[in-house]
Amino acid sequence: TGYTVIDAHGRWRGDDVAEASRLVIVLHAEDAASDAKVARVADDYRRRFAQEAVLRERDTVCAKF
């Protein structure tokens, strides 16, 4: 398990207002418990920073530790 945070700038649905964003890449096991933890973090971020949504993109990778 590990993560990387990248500062970014973005727009939501073509909105004219740009805002600071964070891209967070999380490596974790492919199981229900890990997926639930990531979902909780995304939901907490959405509420804490009054966001309409938080994009979650998933992909399967091979990472050797």
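Is Phe49 buried, partly exposed or exposed? Phe49 is partly exposed, because its relative accessible area is 46% and that class lies between buried (under 20%) and exposed (over 50%), with a 1.4 Å probe and protein chains only. The model is predicted: local features need pLDDT of at least 70, side-chain atom pairs count only at pLDDT 80 or more, and totals for chains, interfaces and linings use all residues. Residues are numbered from 1 along each chain as its sequence is written, and side-chain values use heavy atoms, without hydrogens or water.

Phe49 has an aromatic partner. A search of the whole structure finds one aromatic pair. Tyr45 and Phe49 form it, tilted, at 4.7 Å centre to centre with 40 degrees between the planes. Rings of Phe, Tyr and Trp (its six-membered ring) pair if their centres lie within 6.5 Å; planes under 30 degrees apart are stacked, over 60 edge-to-face, the rest tilted. Tyr45 is partly exposed too, at 32% relative accessibility.

Now the helix. H1 covers residues 32-48. Helices are DSSP runs of H or I with at least four residues; strands are E runs of at least two. The 17 residues of H1 should span 24 Å, and its end C-alpha atoms are 24 Å apart, so the two agree. The expected span is 1.5 Å times one less than the number of residues. Ala50 follows H1, with a positive phi near 50 degrees.

Tyr3, Val5, Val24 and Val26 make a nonpolar surface patch of about 390 Å². Strands S1 (2-10) and S2 (19-27) each give two or more residues to the patch. Tyr3 sits in S1. Tyr3 is exposed, at 63% relative accessible area. Patch residues have over 30% relative accessible area and no salt bridge; like charges are joined within 9 Å, nonpolar side chains (Val, Leu, Ile, Met, Phe, Trp, Tyr) within 5 Å. A salt bridge puts a side-chain nitrogen of Lys or Arg within 4 Å of a carboxyl oxygen of Asp or Glu.

Conventions: Areas by Shrake-Rupley, 256 points an atom, 1.4 Å probe, with all protein chains shown as cover.
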